[in-house]
Amino acid sequence: LLPFESCNLGSINLAKMVAEKDGSPAIDWEKLAGIVRAAVRFLDNVIDVNKFPLLEIEKMTKSTRKIGLGVMGFADMLIRLGIPYDSEEALKTGEDIMEFIEKESIAASVELAKERSIFPAFKRSIYDKRKAPRVRNATRTTIAPTGTLSIIAGCSSGIEPLYALYFERNILDNQRFVELNSIFEEIAHEEGFHSQELIQALADGTPLKDINVVPKRVKRLFVTAHDVTPEWHVRMQAAFQGFTDNAVSK
């Protein structure tokens with residue numbers, strides 16, 4: 001962001017963008033398109049209704065009208081689709097999703113510009129040339145960490161892999177909040193390998209790969225942050241950055 005611009009963010013829960021198609025899970029592109037267009041309009045509205053703490057911030061924000069629409073729940077989506085996080089198919093999925101969101105967000109911003117005018121700093125911007133889109137917002141996409149948002153939404157954060165299948169949060173006045181991955185628990189029940197012994201093993205810190213009762217293909221799907229090598233972390237960031245206007249948190 002430029003000096004005095006504001007961080008106006010929103011994130012789409014990709015775990016909710018999976019639907020059954022011909023008996024198999026698939027990305028619901030039509031639903032995603034509708035959500036992107038609604039979110040762009042929502043974030044643009046935020047600029048107009050917001051109460052800014054400083055006049056300089058208001059002036060800069062309304063001059064460029066930058067918004068940052070991003071995603072969360074990507075790791076959950078991959079699991080629902082049966083795709084391991086550290087795989088070429090996951091990279092391709094990430095690229096396809098973000099390219100789609102970028103194109104739809106540009107289209108939504110162009111529609112808004114026709115209704116409400118282009119952003120005031122449009123002249124001499126990178127869009128002030130032939131064949132460039134006449135957009136309402138100087139940027140449309142950002143991928144934020146979504147730390148708190150993803151906890152509220154009950155999904156994986158940003159484009160990160162799962163942090164862990166079982167962990168404890170210590171919050172407020174030493175309150176203990178136990179978290180077991182809901183998708184893993186659901187699959188464990190469906191496939192008949194759920195047990196208190198399994199949960200206790202995860203609670204004790206036993207890696208999933210060392211628990212014999214869990215099928216290999218399930219282990220492959222539920223890789224956690226420390227199972228993923230640095231190379232795959234960076235490659236996933238690059239996959240999303242190619243179609244993101246602003247920064248990608250990883």
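Me: Where is Ser-117 found?

Reply: Ser-117 is found in the loop between α4 (88-116) and α5. Helices (H or I, at least four residues) and strands (E, at least two) are DSSP runs, numbered from the N terminus. Two notes before we go on: residues are numbered from 1 along each chain as its sequence is written, and side-chain values use heavy atoms, with hydrogens and water left out. This is a predicted model, where local features need pLDDT of at least 70 and side-chain atom pairs count only at pLDDT 80 or more, while totals for chains, interfaces and linings use all residues.

Me: What makes the phi of Ser-117 worth a remark?

Reply: Phi of Ser-117 is near 90°, a positive value in a residue other than glycine. Most residues other than glycine have a negative phi. Phe-4 also has a positive phi, near 75°, and is found in the segment before β1 (9-13).

Me: Why is Ser-117 called partly exposed?

Reply: Buried means under 20% relative accessible area, exposed over 50%, and partly exposed in between (1.4 Å probe, protein chains only). Ser-117 has a relative accessible area of 39%, so the residue counts as partly exposed. Phe-4, at 44%, is partly exposed by that rule too.

Me: How many helices and strands does the chain have, and what share of its residues counts as buried?

Reply: The chain comes to nine helices and six strands. Of its 250 residues, 44% count as buried. The C-alpha atoms fill a box of roughly 65 × 50 × 30 Å along the principal axes.

Me: Why is the contact between Lys-250 and Glu-160 called a salt bridge?

Reply: A salt bridge is a side-chain nitrogen of Lys or Arg within 4 Å of a carboxyl oxygen of Asp or Glu. The closest N and O atoms of Lys-250 and Glu-160 are 2.7 Å apart, so the pair meets the rule. Lys-250 lies in the segment after α9 (230-241) and Glu-160 in the loop between α5 (147-153) and β5 (166-171), so the bridge ties together parts that are 90 residues apart in sequence. Both ends are partly exposed: Lys-250 at 31% and Glu-160 at 21%.

Me: What makes Glu-191 and Arg-217 a salt bridge?

Reply: Their N to O distance is 2.7 Å, which is within 4 Å, so the pair counts. Glu-191 lies in helix α6 (residues 182-191) and Arg-217 in helix α8 (residues 216-221), so parts 26 residues apart in sequence are tied together. Arg-217, at 53%, is exposed, whereas Glu-191, at 35%, is partly exposed.

Me: Which residues meet at 3.3 Å, and where are they?

Reply: The side chains of Glu-179 and Arg-169 meet in a salt bridge with 3.3 Å from N to O. Glu-179 is in strand β6 (residues 175-180) and Arg-169 in strand β5, 10 residues apart.

Me: How many salt bridges are there, and which residues form a network?

Reply: The count comes to 21 salt bridges. Asp-44, Asp-48, Arg-65, Arg-116 and Arg-136 are linked in a network of them.

Me: How do you know that there is a cavity?

Reply: On a 1 Å grid over the protein atoms alone, a cavity is a set of points where a 1.4 Å probe fits but cannot get out. Grid points are joined across faces, edges and corners, and a volume is the space filled by probe spheres set on the points. The structure holds one cavity of 30 Å³ or more, and the largest cavity has a volume of about 40 Å³.

Me: Why is the lining of the largest cavity called nonpolar?

Reply: Lining residues have an atom within 4 Å of a point. Here they are Ala-75, Ile-79, Ile-83, Tyr-85, Pro-161, Leu-162, Leu-221 and Val-223. Ala, Val, Leu, Ile, Met, Phe, Trp, Tyr, Cys and Pro count as nonpolar, Asp, Glu, Lys and Arg as charged, and the others, Gly among them, as polar. The lining therefore has eight nonpolar, no polar and no charged residues.

Technical notes
On a 1 Å grid over the protein atoms alone, a cavity is a set of points where a 1.4 Å probe fits but cannot get out, and a pocket is an open set with protein on both sides within 12 Å along at least five of seven lines; lining residues have an atom within 4 Å of a point.
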